[in-house]
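Please read this report with the sequence and the 3D view side by side.

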Amino acid sequence: MHSKFIEVQGVAQTFKTRKGSFPALRDINLTVAKGEFVALIGHSGCGKSTLLNLIAGLTMPTQGHLLCANREIAGPGPERAVVFQNHSLLPWLTCFENVYLGVERVFGSASKSTGAASENKAQLMARTDAALALVGLTAAAQKRPGEISGGMKQRVGIARALAMEPKVLLMDEPFGALDALTRAKLQDELLEIVARTQSTVVMVTHDVDEAVLLSDKIVMMTNGPAATIGEVLSVDLPRPRSRVALADSPQYLGYRKAVIDFLYTRQAHVEKAA
Ligand SMILES: Nc1ncnc2c1ncn2[C@@H]1O[C@H](COP(=O)(O)OP(=O)(O)OP(=O)(O)O)[C@@H](O)[C@H]1O
C-alpha cells in the first residue's frame with residue numbers, strides 16, 4: 001500500500017458546456033506514495049485544479065478510477081482535506097471557531113455516522129489549540145479573519161485542514177495570493193509541518209521554485225484541452241531542505257531548469273498565444 005497510496009487510473013474529465021462538451025483531462029495515470037509530497041505544475045487552464053478536485057472527490061471522472069488507500073474515491077472525505085487559495089474561512093467566526101468547526105465535524109458528535117467514538121468538548125478544543133499552535137497562530141486564536149493578514153488567513157486554512165488529521169493534504173495554490181516574502185515563510189513552515197506530521201501532500205502550483213523546494217515528485221502537465229501528464233520529475237534533494245543552501249546548489253538548479261524547459265520550451269505555445 002505504501003507505494004500506491006493515491007492511485008489515479010486512466011482518468012479523463014469532460015465538462016458539459018453551453019458550446020458542447022469540453023475535454024479537460026485525458027489519460028491521467030498517477031500514483032502518490034504515503035508521505036510523498038507531489039506538486040502539479042502546468043500552464044494556466046491545463047487542468048491542475050480539475051485533477052485536484054477529482055482526488056478530493058468534489059467531482060467524479062468521466063472515465064477511469066481514483067483510489068485512496070485502496071478504496072474508490074466516491075466523494076469528499078475527512079481523510080482528504082483541501083486547502084484553497086482563498087482560504088475559505090467563515091468571516092463571522094474567530095480563527096479558533098473556524099478550525100473547531102472542522103474538528104467537531106470529524107471527531108465530535110457529528111462524526112457518529114463514521115462509526116468512530118466521538119470526543120468531548122475539551123478534547124476537541126485541545127485538538128483545535130494544537131493545530132493553531134502548529135501554524136504559530138495561538139496568539140491570534142480569538143481574532144476574526146477580517147482582523148488578520150492574508151498569510152495568517154492561509155495559516156488558519158492549513159490549521160483547519162491539519163486538525164482533521166487527514167491522510168492526504170490537497171492544496172490548490174495555497175500561497176498564490178501572498179507576497180513573495182510571506183510565501184517563502186509559509187513554504188518553510190509547511191516543509192517543517194509536513195516533516196513533523198509525515199503528511200502526504202498533493203499541491204497545485206504555478207511556481208517552479210516552490211515545486212522544487214517542497215516536492216519529492218513534480219508532475220508536469222501538458223497544455224489543454226485534453227491535457228495529460230507530460231513528464232514526472234523525481235526531486236531527490238536531501239531533507240531537511242533550506243532555501244538558502246539550495247539557492248546555488250547545482251542539483252537544485254538542474255531540477256529548476258528541467259521544469260522551466262518543460263514549461264517554456266516544450267509547452268510554450270500557450271505563452272505565445274497569451
Ligand atoms: N466546471 C467546468 N465546466 C466547464 N469547463 C471547466 C470546468 N472546470 C474547469 N473547466 C475548464 O477545464 C480546463 C482546466 O481548468 P482548471 O481550473 O483545472 O485549470 P488549472 O490548470 O487549474 O488553471 P489555473 O492554473 O488557471 O488555475 C479549463 O479550460 C477550464 O476552463
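## Strand β1 and its partners

Strand β1 and strand β4, which covers residues 63–68, run antiparallel and are joined by five bridges. Within this pairing, A12 has Q63 of β4 as its bridge partner. Strands are counted here as DSSP runs of E of at least two residues, helices as runs of H or I of at least four residues, and both are numbered from the N terminus; two strands are said to pair if DSSP finds at least two bridges between them. As a general point, strands of a sheet pair through backbone hydrogen bonds, either parallel or antiparallel.

This is a predicted model, in which local features need pLDDT of at least 70 and side-chain atom pairs count only at pLDDT 80 or more, while totals for chains, interfaces and linings use all residues. Residues are numbered from 1 along each chain as its sequence is written.

Strand β1 also runs antiparallel to β2, to which it is joined by nine bridges, and a hairpin of two residues connects β1 to β2. In this second pairing, the bridge partner of I6 is V32 in β2.

## The open sheet

Six strands make up an open sheet with mixed pairing, and their order is β6-β7-β8-β3-β9-β10. At the edges are β6 (80–83) and β10, each of which pairs on one side only, and the twist from one strand to the next averages 15°.

Inside this order, β3 (residues 37–41) and β8 (residues 200–205) pair in the parallel sense over five bridges, and F37 has V201 of β8 as its bridge partner.

## The shell around the ligand

Which residues are closest to the ligand? The ligand is surrounded by 13 residues, and the closest are F15, A24, S44, S49 and T50; a residue counts as near if its C-beta atom, placed from the backbone, lies within 6 Å of the molecule. The elements that give two or more residues to this shell are β1 (6–17), β2 (20–32) and α1 (48–56), and the largest share, three residues, comes from α1.

Sorted by class, the shell holds four nonpolar, eight polar and one charged residues. In this scheme Ala, Val, Leu, Ile, Met, Phe, Trp, Tyr, Cys and Pro are nonpolar, Asp, Glu, Lys and Arg are charged, and the others, Gly among them, are polar.

## Two packed helices

Helix α2 (residues 95–107) packs against helix α4 (residues 150–163) at an angle of about 25°, and their axes are 8 Å apart. Because of that angle, α2 is roughly parallel to α4, a description used for angles under 35 degrees, whereas those over 145 count as roughly antiparallel, 65 to 115 as roughly perpendicular and the rest as oblique.

Two peptide bonds deserve a look. The bond from G224 to P225 is cis, with omega near -5°, and P225 is placed in the loop between β9 (217–221) and β10 (229–234). The bond from R239 to P240 is also cis, with omega near 0°, and P240 lies in the loop between β10 and α7 (243–246).

D27, which is placed in strand β2, has a positive phi of about 50° although it is not a glycine. A69, found in the loop between β4 and β5 (71–72), likewise has a positive phi, near 50°, in a residue other than glycine.

Technical notes
Axes fitted to C-alpha atoms, helices over the stretch in contact; angles between N-to-C directions.
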